[in-house]
Amino acid sequence: MMYTFDNVTTLTSIIPDVSSTTAPTADFPKYAGYICCAISVLFFGSNFVPVKKFETGDGMFFQWILCSTIWMCGLIVNAVQGFPTFYPLTMIGGLLWATGNICVVPIIKTIGLGLGILIWGTTNMLSGWASGRFGWFGLTPEYPTNYALNYAGVACAVFRGFIFLLVKNESDLRINQQQSVDNDSQPLLYQSMKGVNSLTDSRTLIVGINEGNYIDRLTPLKKRIIGIVLSVFSGSLYGLSFTPCIYIQNNYKGASQDGLDYVFGFFCGIYATSFLYFTIYCMISKNKPNIYGQAILPGIVSGVMWAVGDICWFVANSTLTEAISFPIITTVPGIIAAIWGIAFKEIRGLRNFLILAFAFAVTIAGAILTAFSKS
């Protein structure tokens, strides 16, 4: 059978031209990015409220429940997105995040909640912002419209951490003195200041780790050095957890530019790493892990809240870039958490309220400066 030129033209017209296909893009307007930032801030600042009054043991089982829930949420997003291309590299981001989270226990044991959260929270923000702003690890550098506003916003974010450290909390004092805390007095302020990139409830980590171990035998100086080093390490991993996903978007030909297409791979990395660590934990405990049934349902609720917050963060990264989203999402949840702390009467006194008011003003100013740095 012979084809004329017209026949060939007709045939080729119905065959997709692979060379001309373009990568799927995120069709979100800029204001959607700011809306997602607001949702992330609200959920990251509140995701531990459901488990506040429930015993969760040493935190390992609780974390596994949260990670299982997060994976399920990621599966739903993957289905809604039409099962986009799965890049195994995205799982590295989840591994980084989960590994950083494991360091929380020794950090609390060595330097306490206040200093630990200040260091890893600030390092988280700086590493995430800098990797996007300056193009670390093969990323495409992100240039804000107004450099001065962007740098000023980051400076406010760092300064606000030192202000929050001045807030005195009765529960915090008990933690430093006794290394334990009851179910009703864990400071939500501190939970959420670390909670933007940490699954494990600090209260659950403290319960059950009071037995003597090598950390207890260290000198105060060695404890401080180890705690600070681990805090920097943990915060750096939190801040770089998005890097593999963004690297794929910047460097893989035809890769989707929609951040939601990478949620499932990232969450798979979180669950796989958590499952590995939980298995190791069971082996170390000689198959006698601390299981708390009452933590299951609250853990599922917390997992959904964390997953929604992180999913919105993916959208914010795609729409606004890391240089804008990170300073906002890693700092503003402290305000939400502080409000919960006041509601639960964990933060009291005129001095604390004045400090919080100043911290709120600095945090909001930093978020506004950062938001307007890309107009």
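## Surface aromatic residues

A residue is called buried when its relative accessible area is under 20%, exposed when that area is over 50%, and partly exposed in between. In this predicted model, Tyr 151 has a relative accessibility of 34% and therefore counts as partly exposed. Tyr 151 is placed in helix H6, which covers residues 147-164, and it contributes to a nonpolar surface patch of about 660 Å², made together with Phe 134, Trp 136, Phe 137, Tyr 143 and Tyr 147.

## Aromatic pairs

Across the whole structure, a search finds 22 aromatic pairs. One of them joins Phe 242 and Phe 266, whose ring centres are 5.8 Å apart and whose planes meet at 5 degrees, so the pair is stacked. Phe 242 lies in the loop between helix H10 (220-240) and helix H11 (243-251), whereas Phe 266 belongs to helix H12 (residues 263-284), so the pair ties together parts that are 24 residues apart in sequence. Both Phe 242 and Phe 266 are buried.

The pair formed by Tyr 247 and Tyr 252 has another geometry: the ring centres are 6.3 Å apart and the planes stand at 80 degrees, so this pair is edge-to-face. Tyr 247 is partly exposed, with a relative accessible area of 29%, and Tyr 252, at 33% relative accessibility, likewise counts as partly exposed.

Asp 310 itself lies in helix H13, which covers residues 296-320. Its relative accessibility is 1%, and because buried means under 20%, Asp 310 counts as buried.

## Helix H16

Helix H16 comprises the 23 residues 350-372, and at 1.5 Å a residue it should span 33 Å; the C-alpha atoms at its ends are 33 Å apart, which agrees with that expectation. The buried residues of H16 are Asn 352, Ile 355, Leu 356, Ala 359, Phe 360, Val 362, Thr 363, Gly 366, Ala 367, Thr 370 and Ala 371.

How values were computed:
Residues are numbered from 1 along each chain as its sequence is written. This is a predicted model: local features need pLDDT of at least 70, side-chain atom pairs count only at pLDDT 80 or more; totals for chains, interfaces and linings use all residues. Side-chain values use heavy atoms; hydrogens and water are left out. Helices (H or I, at least four residues) and strands (E, at least two) are DSSP runs, numbered from the N terminus. The expected span of a helix is 1.5 Å times one less than its number of residues. Buried means under 20% relative accessible area, exposed over 50%, partly exposed in between (1.4 Å probe, protein chains only). Patches are made of residues with over 30% relative accessible area and no salt bridge: like charges are joined within 9 Å, nonpolar side chains (Val, Leu, Ile, Met, Phe, Trp, Tyr) within 5 Å. Accessible areas come from the Shrake-Rupley method with a 1.4 Å probe; for residues, only the protein chains shown count as cover. A salt bridge is a side-chain nitrogen of Lys or Arg within 4 Å of a carboxyl oxygen of Asp or Glu. Rings of Phe, Tyr and Trp (its six-membered ring) pair if their centres lie within 6.5 Å; planes under 30 degrees apart count as stacked, over 60 as edge-to-face and the rest as tilted.
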